[in-house]
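Work through these exercises with the model open beside you. Try each task before you read its solution.

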Amino acid sequence: MTRTQTEDLPWIAQNSPKGKYGIQRRSVSQGAGGQKDIGTWGGGHPFDLEIHRIPAGKINFPLHEHSAQWEAYYILSGSGKVRTPKGKEAIQAGDYLVFPPGEAHQLINTGAEDLTYLVIADQPQADVIHYPDSGKWMVKPQRKVFEMTEADYFKDEE
C-alpha cells in the first residue's frame, strides 16, 4: 500500500500568459509515488488522480480531446459550465462527468467561488490531444505541442 495526505501536497498553479486560463492542481498520484503520464507499462500507476481548483472567472484548459485517454471529473464544490461540442451545460457540486477518448471538453468557472473537482484519468501508453479551437496537437508522455502541416506519406522518403 502507498498512502499520501492531500493536505500535505502543494498546490501547483498553471496560468496562461494573458490570464484567460488558470488552474491550481494537487497531484495525489504523484504524492503517492506515481509518475505523470506513465502507467503500469512504465512502472507507474494504472490511473492518475489530481485535485483541480479553477478560480472564479477562469477556464481550466483550452477545449481539448484525447485520442486514447479517458477522464472522469467529480465536482466537489463551486459551480460553472462544461463545454463540449454540443455546447455549454451548467455544472455544480455532486456532478460526475466522464469524457471518453474523442470527446472535446473544457470547464469554465462562472461562479463566485473556486470550482474544485477530482480528475481521474487512465494512463495509456501514448495519447495525442487535439485542440479544436486552435488546431494544435500535443503528444504524451512527451508533453510536446505542435502545429501540423499535412504532407504526402512518401514525401522526402525516396
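**Exercise 1: A salt-bridge pair**

Glu50 counts as buried, because its relative accessibility is 5% and buried means under 20% relative accessible area, exposed over 50%, partly exposed in between (1.4 Å probe, protein chains only). This is a predicted model, where local features need pLDDT of at least 70, side-chain atom pairs count only at pLDDT 80 or more, and totals for chains, interfaces and linings use all residues. Residues are numbered from 1 along each chain as its sequence is written, and side-chain values use heavy atoms, with hydrogens and water left out.

Task: find which side chain meets that of Glu50 in a salt bridge, and say where both residues sit.

Solution. 
- Step 1. Recall the rule: a salt bridge is a side-chain nitrogen of Lys or Arg within 4 Å of a carboxyl oxygen of Asp or Glu.
- Step 2. Look for the partner. The side chain of Arg25 meets that of Glu50, at 3.3 Å from N to O.
- Step 3. Check the cover of the partner. Arg25 is buried, because its relative accessibility is 16%.
- Step 4. Widen the view. Arg25 and Glu50 belong to a network of salt bridges with Lys36 and Asp48. The whole structure has eight salt bridges.

**Exercise 2: Two residues with positive phi**

Task: Asp37 and Arg143 form a salt bridge. Describe the backbone and the setting of each.

Solution. 
- Step 1. Start from the general rule. Most residues other than glycine have a negative phi, and most peptide bonds are trans.
- Step 2. Read phi for Asp37. The value is positive, near 65°. Asp37 lies in the loop between α1 (28-31) and β3 (47-54).
- Step 3. Read phi for Arg143. The value is also positive, about 55°. Arg143 is in the loop between β12 and β13.
- Step 4. Compare their cover. Asp37 is buried, because its relative accessible area is 6%. Arg143 is partly exposed, because its value is 37%.
- Step 5. Join them. The closest N and O atoms of the pair are 2.6 Å apart.
- Step 6. Pro141 is in the loop between β12 (136-140) and β13. A cis peptide bond joins Lys140 and Pro141, with omega about 20°.

**Exercise 3: Strands and their partners**

Task: give the strand order of the open sheet of four strands, and name the edge strands.

Solution. 
- Step 1. Recall how sheets form. Strands of a sheet pair through backbone hydrogen bonds, either parallel or antiparallel.
- Step 2. Apply the cut-off: two strands pair if DSSP finds at least two bridges between them.
- Step 3. Read the order. It is β4-β11-β12-β13, with antiparallel pairing.
- Step 4. Find the edges. β4 and β13 (144-147) each have a single partner strand, so one side of each is left without a neighbour in the sheet.
- Step 5. Take one pair. Two bridges join β4 to β11 (residues 127-131). Glu65 has His130 in β11 as its bridge partner.
- Step 6. Turn to another pairing. Antiparallel strands β1 (residues 12-15) and β2 (residues 22-27) are joined by four bridges. They form a hairpin with six residues between them, and Gly19 in the turn has a positive phi of about 85°. Ile12 stands opposite Arg25 in β2.

**Exercise 4: The surroundings of His105**

Task: decide whether His105 is buried or exposed, and list its surroundings.

Solution. 
- Step 1. Locate His105. Its place is in the loop between β8 (96-99) and β9 (106-108).
- Step 2. Read its cover. His105 is buried, because its relative accessible area is 1%.
- Step 3. List contacts (heavy atoms within 4.5 Å). Leaving aside neighbours within four places in sequence, His105 touches Pro62, Leu63, His64, His66, Glu71, Tyr73, Arg83 and Phe99.
- Step 4. Look at its side chain. A polar atom there lies 2.9 Å from the backbone oxygen of Glu103.

Key:
Polar contact = N/O pair within 3.5 Å; in protein donor to acceptor, adjacent residues only side chain to side chain.
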